[in-house]
Amino acid sequence: MRCYICGTPAEAIVSGALNECPCPICGHYRISNTAIALFEMNRWHFNVEAARRWIASELRWGETPLIDSQRAVLLT
Ligand SMILES: [Zn+2]
């Protein structure tokens, strides 16, 4: 597997509708299957800098950030 944001090889953990990705560069985040589908359907790419900033800010709260389809729109 590769990080959905930057493409760095990472051991993604798939559990139901969520994928967990502990990217060594972006940080540990979760992404929903619907968000992934949205990216593929629209051929979107993550705004890598914006995504990393957002993940870092969420991690400060001690939560594993979840990129759902609404969040995904904001990070393209
Ligand atoms: Zn990454």
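Two strands count as paired if DSSP finds at least two bridges between them. Helices (H or I, at least four residues) and strands (E, at least two) are DSSP runs, numbered from the N terminus. The structure is a predicted model, in which local features need pLDDT of at least 70 and side-chain atom pairs count only at pLDDT 80 or more, while totals for chains, interfaces and linings use all residues. Residue numbers start from 1 along each chain as its sequence is written.

**Overall fold**

The protein has three helices and four strands, and along the sequence the pattern is β-β-β-α-α-β-α. The radius of gyration, taken over C-alpha atoms, is set against a globule rule of 2.2 Å times the number of residues to the power 0.38. Its value is 11 Å, close to the 11 Å that the rule gives for 76 residues, so the protein is as compact as a globular protein of that length. Along the principal axes, the C-alpha atoms fill a box of roughly 30 × 25 × 20 Å.

**Sheet**

The four strands form an open sheet in the order S1-S2-S3-S4, with mixed pairing. S1 (13-15) and S4 are the edge strands, each with a single partner strand, so one side of each has no neighbour in the sheet. Helix H1 (residues 33-42) packs on the sheet and touches S2, S3 and S4; the direction of H1 makes about 80 degrees with that of S3. Such angles run from 0 to 180 degrees between N-to-C directions, with axes fitted to C-alpha atoms, for helices over the stretch in contact.

Two of the pairings are listed here.

| Strands | Sense | Bridges |
|---|---|---|
| S2 (residues 18-23) and S3 (residues 27-32) | antiparallel | six bridges |
| S3 and S4 (residues 66-67) | parallel | two bridges |

S2 and S3 form a hairpin with three residues between them. Ile 31 takes part in both pairings: Ile 31 in S3 is the bridge partner of Asn 19, and Ile 67 in S4 is the bridge partner of Ile 31.

**Core and contacts**

A residue is buried if 20 or more other C-beta atoms lie within 10 Å of its own, exposed if 12 or fewer, and partly exposed in between, with C-beta atoms placed from the backbone. Of the 76 residues, 21% count as buried. A nonpolar core joins buried Ala, Val, Leu, Ile, Met, Phe, Trp, Tyr and Cys residues through C-beta atoms within 7 Å. The largest such core has 16 residues, of which Cys 3, Ile 5, Cys 21 and Cys 26 touch the most other members. S2, S3 and helix H2 (48-59) are the elements that give two or more residues to this core.

Contact means C-beta atoms, placed from the backbone, within 7 Å. Beyond its neighbours within four places in sequence, Cys 21 is in contact with Cys 3, Tyr 4, Ala 10, Ala 12, Tyr 29 and Ile 31.

Key:
Contact = placed C-beta atoms within 7 Å.
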